[in-house]
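User: Hello! Could you walk me through how the strands are arranged in this model?

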Amino acid sequence: MKRFLLVITFLILSISICFATEYLHNNNAGSIPVYGFMGEYWILSVSTINHGGGPVGMDFDLLGDDVTYNANIENNNGTIIGGFDLGRLIGYWTFIVDLRNNSTWTLCIEPSSLMVTDGSSQTQIDYYLALGFDDGDEVVDLIAKSGRQNTFSRNERISSQNKQIRFMLDYYDQDTRYSWPDGNYSATVTITLERN
């Protein structure tokens, strides 16, 4: 009986010492996420940049030189295909599509016009977004204009990670820009990915 009590006491002390140990390894600090898929998958994510000063991030001055229109726009049957030299970096996006049999997919980008957030004015300010993505060995821009539905279709895999999103105002003369009411402006950009 004494041996039994001695063994039980020893086990209890051993267990309590194990639980009293200070852990030097935090599961969150050393974790590695692992993901997998079967068949097909897609990733569409956007991260914006908070204003840290200079010509990067949001909020920004609508009268600033870094957002002033500076483009040689090329249209292809109503789709804007390039000619831009956009000045303000506002975010990054990742766009990956891998569908079975290289099915056709359509990406629709619908930026609403900028408007005063408190509703004190009905002034609408149009702009362009350039969303960079990897196209083979080069980075090209998908150009989306506010106030319209901008669609891009392909039937191939795309893997483009952490590419720039840039902002530029549409063309407005200086008098028009200075006539805009003071206030905070905002817009919503809706991005939809569909299989055709």
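Analyst: Happy to. Two strands count as paired if DSSP finds at least two bridges between them, and strands (E, at least two residues) and helices (H or I, at least four) are DSSP runs numbered from the N terminus. This is a predicted model, where local features need pLDDT of at least 70, side-chain atom pairs count only at pLDDT 80 or more, and totals for chains, interfaces and linings use all residues. Residues are numbered from 1 along each chain as its sequence is written, and side-chain values use heavy atoms, leaving out hydrogens and water.

User: How many bridges pair strand E7 with strand E10?

Analyst: E7 covers residues 127-135 and E10 covers residues 158-169. Leu 129 stands opposite Phe 167 in E10. The two strands pair in the antiparallel sense, and the number of bridges is five.

User: Which strands stand at the edges of the sheet?

Analyst: The open sheet has five strands in the order E1-E4-E10-E7-E8, with antiparallel pairing. Two of them have a single partner strand each, so one side of each is left without a neighbour in the sheet. These are E1 (41-48) and E8 (138-145).

User: In the hairpin of E7 and E8, which residue takes a positive phi?

Analyst: Eight bridges join these antiparallel strands, and Asp 135 has Glu 138 in E8 as its bridge partner. Two residues lie between the strands, and the one with a positive phi near 70° is Gly 136.

User: Is E7 largely enclosed or largely open?

Analyst: Buried means under 20% relative accessible area, exposed over 50% and partly exposed in between, with a 1.4 Å probe and protein chains only. Seven of the nine residues of E7 are buried, so this strand is largely enclosed.
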